[in-house]
Amino acid sequence: MTTPTSLVDLRPSGPFRLGDRVQLTGPKGRLHTVTLREGGELHTHHGVLKHEQLLGQPDGSVVTNSGGHEYLALRPLLRDFVMSMPRGAAIVYPKDAAQILASADIFPGATVVEAGVGSGALSMWLLRTIGPAGRLISFERRDEFAEVARANVETFFGHTPGSWEVVVGDLVEELPGAVGPASVDRVVLDMLAPWECIDAVADALTPGGVVLCYIATATQLSRVAEYIRATGLFTEPEATETMVRGWHVEGLAVRPDHRMVAHTGFLITARRLAPGAMPPDVRKRALKKPSYADEDVELWTPGAVGDRQITDKNLRKRVREAQRAADGARQATADAVTAGRGAPDDVD
Ligand SMILES: C[S@@+](CC[C@H](N)C(=O)[O-])C[C@H]1O[C@@H](n2cnc3c(N)ncnc32)[C@H](O)[C@@H]1O
């Protein structure tokens with residue numbers, strides 16, 4: 001057993017050190033992310049910035065490159081990292097991730113199941129919240145997506161958290177073998193057809209546990225709500241949409257931004273009832289005939305709902321990109337350990 005830990009140490013504060021990831025904002029707001037290395041340099045058509053210029057400087061410093069251009073240097077926040085990391089599948093945006101943590105009531109020490117893992121964006125928010133005492137089991141049916149996610153998580157944390165397990169395979173087939181019945185506190189589904197997984201999720205969830213589905217279209221929302229109701233195993237589902245509108249605040253010019261990320265997805269949550277428990281409203285709704293037939297599932301294929309599919313060639317490129325970044329992070333962690341910052345550890 002090692003001392004509980006140090007995910008926190010791995011997102012350090014204080015002056016920049018070798019191995020730190022640094023986000024540089026240069027001329028015209030152009031962003032560059034670098035991992036600080038001995039002898040490293042950032043080359044742009046504006047000139048050269050040596051990594052050593054940043055070493056020992058406080059987070060939030062401004063440095064000047066060989067061409068006289070200034071760069072603001074900051075350690076990326078998780079929200080910056082997920083927006084710029086390599087993607088295999090579409091990610092959960094920070095505005096939705098924040099709301100998912102609240103609506104699904106993710107807590108330190110929780111046992112959480114997630115599917116699919118996609119590019120690993122949501123996995124990182126979940127891992128940070130459950131901490132080293134929690135357990136996240138992430139299911140993904142496409143091996144290449146799981147590889148991108150593993151590499152992104154390792155790049156961000158500097159190691160693979162011991163609280164995380166990735167299972168490659170379909171959630172419905174793999175879940176019963178991976179967790180005991182009624183043993184999971186929270187389940188988060190981000191996939192095209194979450195209704196296909198609700199029965200398996202109902203078996204895995206502890207009474208009172210929360211299932212949350214993140215879904216892109218209103219038709220999918222309707223389908224999953226009806227499925228959850230028809231099982232009679234959950235409380236009445238609650239659906240929401242999260243909109244975050246930025247504001248321009250400068251002197252007397254105070255107004256909403258002209259542009260925003262508007263629709264990304266809907267969230268729907270419900271809680272697992274105790275075995276045999278059936279409140280009157282749940283019984284009444286469960287008995288209603290659902291409006292969907294099994295054949296309708298075909299209507300939610302990726303093409304039919306307008307999802308752009310990544311090509312195999314592009315996906316292989318993303319895997320390589322993510323793995324290169326993870327190699328850098330692994331090296332940086334090893335350098336940090338050699339330099340005496342201590343090894344990252346989790347609770348065993
Ligand atoms: C939109 S992506 C998930 C993105 C992820 N939440 C993130 O933030 O990066 C949906 C993923 O679900 C996977 N998937 C769909 N159905 C699944 C199932 N039944 N079991 C496991 N994975 C599934 C797909 O392969 C895809 O990678």
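## Backbone, core and ligand shell of a predicted model

Asp 105 sits in the loop between helix 2 (94-103) and strand 7; helices (H or I, at least four residues) and strands (E, at least two) are DSSP runs numbered from the N terminus. This is a predicted model, in which local features need pLDDT of at least 70 and side-chain atom pairs count only at pLDDT 80 or more, while totals for chains, interfaces and linings use all residues. Residues are numbered from 1 along each chain as its sequence is written.

Most residues other than glycine have a negative phi, and most peptide bonds are trans.

| Residue | Phi | Loop |
|---|---|---|
| Asp 105 | about 55° | between helix 2 (94-103) and strand 7 |

Asp 105 is partly exposed, with 14 other C-beta atoms within 10 Å, whereas Lys 28 is exposed, with 6 other C-beta atoms within 10 Å. A residue is buried if 20 or more other C-beta atoms lie within 10 Å of its own, exposed if 12 or fewer, and partly exposed in between, with C-beta atoms placed from the backbone. A cis peptide bond, with omega about -15°, joins Ala 115 and Gly 116. Gly 116 belongs to the loop between strand 7 (111-115) and helix 3.

Gly 116 is also among the closest of the 23 residues that surround the ligand, together with Ala 89, Gly 118, Ala 121 and Met 191; to count, a residue must have its C-beta atom, placed from the backbone, within 6 Å of the molecule. Helix 3 (121-130), strand 8 (135-140) and helix 5 (171-178) each give two or more residues to this shell.

Strand 8 pairs with strand 9 (residues 164-168) in the parallel sense over five bridges; pairing requires at least two DSSP bridges. Between strand 8 and strand 9 the chain passes through helix 4 (residues 143-157), in a right-handed β-α-β crossover. Right-handed means that, with the strands pointing away from the viewer, the path from the first strand over the helix to the second runs clockwise.

The largest nonpolar core has 74 residues, and Ile 100, Val 187, Val 211, Leu 212 and Val 224 touch the most other members. Such a core is a set of buried Ala, Val, Leu, Ile, Met, Phe, Trp, Tyr and Cys residues joined through C-beta atoms within 7 Å. Helix 4 gives the most to this core, with eight residues.
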